[in-house]
Amino acid sequence: MFPKLYFPSFVRHSAALLVCLPACAGLAQTSTAAPLTPSASGAAELRVFDPSLVDTSVDACENFYQYSCKGWFKRNPLPADQISYGRFTELYELNRLHLKQILEASAVPGATRTANEQKIGDEYASCMDVAAIDQKGLASLQPELDRIAGLKSKAELPALIAHLHSIGVNVFFGMGSNQDYADSASVISFYSAAGLGLPDRDYYTRTDAKSVEQRQQYVAHVKKILALAGEPEAQAAKDANTVLAIEMGLAKVSLTNVEQRDPQNLNHPTDVTTMEKELTHFSLASYIAADHAPSSGKVNDMEPKFFAGFNTLIEETPLDQIRAYLRWHLLHAFAGESLPQRFDEENWNFYAHTLNGAEKEQDRWKRCTSRVDSELGEALGQVYVAQYFSAEEKQRTLDMTLAIEQAMSKDIDSLDWMSPETKVRAKEKLHGVMNKIGYPDKWRDYSKLTIVRGDALGNQMRVQEFDHARDLAKIGKPVDRGEWGMTPPTVNAYYDPQQNNVNFPAGYLQPPFFSGKEDDAANYGDMGSTIGHELTHGFDDEGRQFDANGNLKNWWTKDDELKFGDRSDCVVKQYDAIESVPGVHLNGKLTLGENLADLGGTWLAWLAWLDKAREAHLDMEAKTDGYTPEQRFWIAYAQQWCTQTRPEALRTAAQTDPHAPDEWRTNAILQDLPEFAKSFSCKASSRMVAAKPCRVW
């Protein structure tokens, strides 16, 4: 069970859920299947800069997002099985086709399969075997249901919770490993708030009509799942209301998503003995013994208020109600591809359709492909990178990253608001950044994980147990700075503040975001802005609180902190004013880190590209596809964000997502950059020109 840690900041919320430098010998493990071409997706070849997507009937100085993307919108209506569809989805779907081909080849039994091919192939085949899953019904889950039904006293609860955590059931709280905030070289135990079935704690606390309706819909969903599992209707209805009541209690003592963005709010070091004494109605010692976690030493109680509330809730909640809550979360954890279709369909109906507006469930092969990537991502990733990511592409990405880091060094020197003392510390941190591109130097070892063909539910449990044990084994050992938080095929990227590294998976370093066929203007405008984005996360409102070694430590002068805060407030107010859907504004504090990273990252990519253009004596007036190099840079930046999103999903994102909607990741950013306005000769009165531009980095 992973705790709600200060996880890395992602460039966007990844649909995959989703994270060596020269080519590794481990890539010898390959599939016999031939690589797919982009046209296999049924669409035209994906390009980083695509002039056919531009709609010149739109004034670039009034709405650059529509100008750059309207042609894409016309060409790409929102599919019924998607809540959002954009350039990221295009590549994600193409990558899934590639992974599907690899998995189908690996699923064919044969003596020549490697151990990893057996695992990924048999897990994919198990997930796809709907008939076998339906035939088994709840038989495979019955021992776990019986375990919950057999809970006789609250004294037995800690051991039961430990077991449920080990198989991936999110009940009451989370426990796992993470780097010590005070000493990034050390790994300690982290205890976190958890145990909710709705996307965010504010779903339980908001009082507007829509939120009240969603809670009612959630209760109906819980009732339906419990009834599908065999509970009588009246009992299922009673238990569903119990689940909501318990989760409301947990939510009320949890930090908000904005509060969680400040790592200071999550840093409460203590030790096992002290925490055990504070939990007077829950035996932490019994939990730890059953979980095989460290029984002594330093821990981080991330949310003391939550654990105080949890302690009271355990005391006051009758045992039969606790059993109902545990039963629901057990079913909820496996209600996707591991349980019969009736559970799968109801799970989709609430989470994808009701909350986010999806009209059709995704094809089974898509979901099973994503499942294997999530569960066995580095086994699958080895085959993927061997086919789709060359050493040349890796080197070109590294060269671009180094150029953007050099541009940031110059930018720090030029800041008129930062003192020389703080600039020295900032450059120390910048020069300490580790660049991780494509895939790990050392692949994960899955030899202790058993995958059984035809046992989708058992496989999911065994994967969770494998991951949980692997996570706990890190406690007390040196930090593995080569470990990745995303799989190689992932279409996403991240910065890790405690390891001070930027991470760009191979799956992202593909068209329409990066291509060896494109000029530097396009590649720097698109992937370059992403590289700058992740680098800037090290200096946003959260990342700036960690030093060059990844320790939570203030390296700023007081005056510089105030000046940084003033400039950040400008960005907060800018996004607070944006209405994402009627009646719902963005939360400038929730999205601040991503907005700062978008703004700073695009600026750094621009600076790095200008340096490269000058070195090459590039003719800035020459046009390619009808656009100057500067214009190609900005259009490539905008076209990465071309996205269609359902209103329901926009509403959910505005309340829970630290990223702004893609339209505003384009327009709001470019409004703050006068260099953009000059490239398109925009007047000062144009909508794409901010009257008072915001700028930090």
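**Aromatic contacts and an enclosed strand**

Tyr439 and Trp443 are both buried (under 20% relative accessible area, with exposed over 50% and partly exposed in between; 1.4 Å probe, protein chains only). The model is predicted, so local features need pLDDT of at least 70 and side-chain atom pairs count only at pLDDT 80 or more, while totals for chains, interfaces and linings use all residues. Residues are numbered from 1 along each chain as its sequence is written, and side-chain values use heavy atoms, with hydrogens and water left out.

The structure contains 49 aromatic pairs (rings of Phe, Tyr and Trp, the last by its six-membered ring, with centres within 6.5 Å; planes under 30 degrees apart are stacked, over 60 edge-to-face and the rest tilted). Tyr439 and Trp443 make a stacked pair, at 5.8 Å centre to centre and 10 degrees between the planes. The charged end of Lys394 sits over the ring of Tyr439, 4.3 Å from its centre (NZ of Lys or CZ of Arg within 6 Å of the ring centre and within 35 degrees of the ring normal). Arg695 lies over the face of Trp603, 4.3 Å from the ring centre.

Ring pairs also join a cluster that includes Phe173 and Tyr191. Strand E3 spans residues 173-179 and is largely enclosed by the rest of the structure, because seven of its seven residues are buried (strands are DSSP runs of E, at least two residues, numbered from the N terminus). Phe173, Met175, Ser177 and Gln179 are buried on one side, and Gly174, Gly176 and Asn178 on the other. In a regular strand, side chains alternate between the two faces of the sheet. E3 pairs with strand E4 (residues 187-193) in the antiparallel sense over seven bridges (pairing requires at least two DSSP bridges between two strands). Tyr191 in E4 is the bridge partner of Met175.

Terms used: Helices (H or I, at least four residues) and strands (E, at least two) are DSSP runs, numbered from the N terminus.
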